[in-house]
Structures are given as structure tokens and as C-alpha cells.
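Hello! I hope they are handy while you look through the structure.

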Amino acid sequence: MENKLVRKAQKLLHKNKKIIYQSIRGDKEQQSILFIVGCQRSGTTMMLHVFERDLNTQCFAERSRLTTNDAARKIRLNSLDLIKRELSKIKAPLIVIKPLVESQNTPKLLDYFENSWAVWMFRNYKDVALSNIKEFGVQSGLSNLRPIVNKDTNNWRAEKVSEHVRETVSKYFSEDMNPYDAAVLFWFARNSIFFDLKLYENPRVMLCQYEDFVLEPEKQLGAIYQQLGQAYPTTDVTSIVHASSRKKGKDIELSPKVEQIAQEMQKKLEATYRAQPFQQQ
């Protein structure tokens with residue numbers, strides 16, 4: 001309990017420090033917006049927490065004043081006009097938003113907001129599957145796949161899913177399937193969006209590999225700040241990053257076909273990631 005109180009006090013102190021700092025030094029002319037997108041359990045929360053430690057940022061998690069109060073839509077973003085109005089009040093040079101359930105709408109977000117960028121986080125499929133089940137339960141993969149199989153386009157999970165992805169998921173879906181297979185197929189469906197929307201062609205979309213980030217956080221974060229045209233923090237913002245969460249899912253068992261699908265997508269993501277100009281510097 002004492003540790004929780006200490007962390008809460010530290011968080012409040014940091015928040016107040018940022019408010020004071022930005023009221024003095026905030027420069028609207030240099031403001032950038034970064035959207036953190038990708039598949040759930042891929043390190044997006046960790047990334048948001050890192051940015052939160054920068055005094056020059058204003059960060060928005062999946063539930064924030066930018067998201068709707070409609071219970072049926074839960075963590076969906078408000079209308080872009082409302083969001084723009086809210087963001088216009090912010091003095092921070094860098095606004096960071098994590099709208100994971102809107103990853104399929106990344107092009108729309110980038111088209112609407114000036115000087116905006118997106119970083120698409122990806123992580124090894126086995127680690128994501130294990131983390132997903134630990135966080136949301138053994139049935140989470142099935143719950144995530146049903147809207148795709150049922151073509152429920154009112155559900156964010158099925159929005160902008162290509163027919164190829166839907167057919168692939170439907171081919172292996174069953175109510176009694178291996179929970180890890182289900183979680184990995186959802187990982188496949190979400191990361192397929194990156195290619196189906198041709199986000200790799202958009203110079204304002206960056207791929208970030210979780211495993212590289214936790215091993216060399218300063219290098220990886222520095223590349224992102226450089227792309228954004230923002231000054232790298234003068235304080236240590238990456239001390240909360242640890243590499244111990246890598247390869248925790250290496251021993252989970254998958255069906256051969258699902259494993260093959262995942263391996264092909266993993267290789268495709270890694271090849272595209274390595275081909276980015278700023279990764280080759």
C-alpha cells in the first residue's frame with residue numbers, strides 16, 4: 001500500500017511539474033502529434049509511459065477525454081472535430097495518443113491532423129499471445145476473432161479487415177480451438193492491417209519492433225524523436241524499460257498451420273522494419 005501511495009504521489013508531482021513547465025516553455029508552432037498503434041499487448045502501453053516521462057509531452061491513454069462516453073462504443077475516439085478542439089487547448093510541443101482500437105483508421109487520422117505521425121508497434125506473436133491470455137483470459141482470442149468471422153463491421157476488430165484475412169481466420173476458427181492459436185490469429189489479423197492499408201508507403205508511419213526497443217530504448221526512441229522533429233528529452237525517460245519480457249511465450253504450442261501463418265507475417269514485419277531509412281543509419 002505504501003509503494004502505491006508513493007507512486008501516486010510521484011505521478012501527481014510529475015503531472016504538476018509538466019503543467020508548470022509547459023505553461024512557460026510550450027511552443028505551439030513546433031507542435032507534433034504521434035499516434036501509437038498496432039496490436040494489443042505489443043508494448044504500446046510501455047511506449048506511452050516512456051513518452052509520458054518527457055516534460056514536453058501531453059499523453060492520452062486508451063481511455064481519456066478524447067474517447068467517447070458511449071458505453072456501447074467504450075474506448076472509441078470521439079469525432080475528429082471534437083478531438084481537434086480538445087487538442088487546440090494543449091501547449092505541449094508533442095501530443096501522444098494511443099488509440100489502439102483505431103489502428104485500422106490510421107490513414108484517416110494522419111490525413112486529418114496536421115504534423116501528425118504514427119508508430120506501429122509489433123512484437124513476437126508468441127509473446128503477444130501469452131500476454132494477451134494472461135491479461136484478458138483464456139477466451140480472449142476467441143472473443144477477438146468472432147467479430148471478424150461474423151463480419152461484424154460495427155465492431156472495431158472487424159473494421160477494414162480484408163477478405164483474405166477474414167477467410168484465413170474463418171478457415172481455422174472453431175469454438176473449441178487452441179486458445180493460443182486464436183490469440184495468434186488475432187495478432188495476424190491486426191498486423192495484416194499495416195500491409196493491407198499500405199502503411200509502409202506512408203513516410204509518416206514508423207514501424208517499431210518491441211524486442212529492439214527494450215534492448216536499445218535510447219537509440220530507438222531517439223530515432224522516433226528525430227523523425228518527429230522534436231528535441232530528445234534531457235531527462236532519463238527510458239529507465240522504466242526492461243528486456244526481461246522477451247521470449248516468455250517461446251514454449252507455447254501452436255498448430256503447424258497457424259505457426260506458419262504467424263512466421264510469415266513476423267518475417268514480413270521484420271523485413272519492412274529493417275528497410276526503414278532511419279533504421280539503416
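Helices (H or I, at least four residues) and strands (E, at least two) are DSSP runs, numbered from the N terminus. This is a predicted model, in which local features need pLDDT of at least 70, side-chain atom pairs count only at pLDDT 80 or more, and totals for chains, interfaces and linings use all residues. Residues are numbered from 1 along each chain as its sequence is written, and side-chain values use heavy atoms, with hydrogens and water left out.

1. Let me start with the end of a helix. Just after α5, Gly 137 takes a positive phi of about 105 degrees. The helix α5 itself covers residues 125–136.

2. How enclosed is α5 by the rest of the structure? Largely so, because nine of its 12 residues are buried (under 20% relative accessible area; exposed is over 50%, partly exposed in between, with a 1.4 Å probe and protein chains only). Among the buried residues are Tyr 125, Asp 127 and Ile 133. The buried residues of α5 pack against α6 (140–149), α8 (179–196), α9 (210–215) and α11 (256–274), where contact means heavy atoms within 4.5 Å.

3. Now the sheet. Five strands form an open, parallel sheet in the order β2-β3-β1-β4-β5 (two strands pair if DSSP finds at least two bridges between them). At the edges stand β2 (57–60) and β5 (205–209), each with a single partner strand, so one side of each has no neighbour in the sheet. Five bridges join β4 (residues 116–122) to β5, and Phe 122 has Gln 209 in β5 as its bridge partner.

4. Leaving aside residues up to four places away in sequence, Leu 100 touches several others, including Ile 36, Thr 44 and Arg 190.

5. Finally, the rings: there are 11 aromatic pairs (Phe, Tyr and Trp rings, the last by its six-membered ring, with centres within 6.5 Å; planes under 30 degrees apart are stacked, over 60 edge-to-face, the rest tilted). Trp 156 and Phe 186 have ring centres 6.1 Å apart and planes at 70 degrees, so they are edge-to-face. Both Trp 156 and Phe 186 are buried.

Key: The expected span of a helix is 1.5 Å times one less than its number of residues.
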